[in-house]
Amino acid sequence: MTTTTSSPSRVVVTGARGKLGRAVVAHLRDVGLDVLATDRVAGSDPREVDGEFLVVDLTDYGQVVEMLGGVDEHAPVDAVVHLAAIPAPGMTTNAATYANNSAATYNVFAAARAAGITKVVWASSETVLGLPFDTPPPYAPVDEEYAPRPESTYSLNKALEEEMAGHFCRWQPDLVAVGLRFSNVMDVEDYAQFPSFDADPQLRKWNLWGYIDARDGAQAVERALAHDVPGADVFVIANADTVMSRSSASLMAEVHPDVPITKELGEHETLLGIDKARRVLGYEPRHTWRDHVG
Ligand SMILES: NC(=O)c1ccc[n+]([C@@H]2O[C@H](COP(=O)([O-])OP(=O)(O)OC[C@H]3O[C@@H](n4cnc5c(N)ncnc54)[C@H](O)[C@@H]3O)[C@@H](O)[C@H]2O)c1
């Protein structure tokens, strides 16, 4: 197995005005990376976004080429963090979700290849694990070892992006393409609602009671940017615990009694397995909602 030698120093982050993008841009700048933040949404004043910002619609290939290769006032980048998407099923029509998200991600991969960029980190999704689990998962904690089971057009596109990344890596053997299957993104303000989930285990069974603190999501992006093994790979990115006060074992016993449990579970241990991200990327969640809700 060969490894690449270049660590990125200048990174573009797409979807920078989004929930995850804001945290990722702030974190990558905090750790010293030179970040070009981009989004199709400028806001009332682009200068509201701290630091360098560029308006780009990723469905336009020419704009993506310029974004990566440099445009007036903005230097070329040497790595891509692609977060921009319509971020869930049902926000718009299925066809509009597919058209936006597939075009954006194809354009990012294709323009990165044309620019000779060898590191692309992008947001996949927990949904490819089979959410909302109307069909129970094959085992729990779920992980990267079984084939994607998309149950929506949004998720279908994420699964196709994972497949596409493998082919771009086949065409460009020095490409490192890291897909992060984020769980449901949470900001600290969201934690106040968590105790209300406790009364009904069905409320959050759709993602096995998982979540990702946006700051830990940003840490995962930082780790993925440091990953230097050529080829496409995917990682489940969740927090170490669930959103519930009840034990993870009791939740599975009540809601999915026939699903095999593959390990001895810690009391609140995540059922969205993050062992691979820990082992391969060195990802370790630092936050829990339990520190914010009394
Ligand atoms: N929010 C979640 O719970 C969650 C869970 C798993 C995966 N994800 C994925 O993480 C990523 C970020 O999600 P988020 O929650 O920050 O979403 P968000 O909606 O808050 O942010 C997404 C941003 O992408 C931008 N965007 C969309 N289409 C674009 C285009 N064609 N060109 C340029 N910009 C475009 C939007 O303007 C928006 O600012 C997405 O890829 C999403 O699918 C999100």
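**Exercise 1.** How many bridges join strand β2 to β3?

*Solution.* The structure is a predicted model, in which local features need pLDDT of at least 70, side-chain atom pairs count only at pLDDT 80 or more, and totals for chains, interfaces and linings use all residues. Residues are numbered from 1 along each chain as its sequence is written. Strands (E, at least two residues) and helices (H or I, at least four) are DSSP runs, numbered from the N terminus. Strand β2 (residues 34–39) runs parallel to β3, and three bridges join them. Two strands pair if DSSP finds at least two bridges between them. Within β3, Val55 is the bridge partner of Asp39.

**Exercise 2.** Determine the strand order of the open sheet and its edge strands.

*Solution.* The seven strands follow the order β3-β2-β1-β4-β5-β6-β9, with parallel pairing. β3 (53–55) and β9 (231–237) are the edge strands, each pairing on one side only. Neighbouring strands are turned by 20° against each other on average, direction ignored; axes are lines fitted to C-alpha atoms, for helices over the stretch in contact, and angles run from 0 to 180 degrees between N-to-C directions.

**Exercise 3.** Describe the residues around the ligand.

*Solution.* The shell holds 27 residues, of which Gly15, Gly18, Arg40, Ala85 and Pro87 come nearest; a residue is near if its C-beta atom, placed from the backbone, lies within 6 Å of the molecule. α1 (19–30) and α3 (94–115) each supply at least two shell residues, and α1 gives the most, with three.
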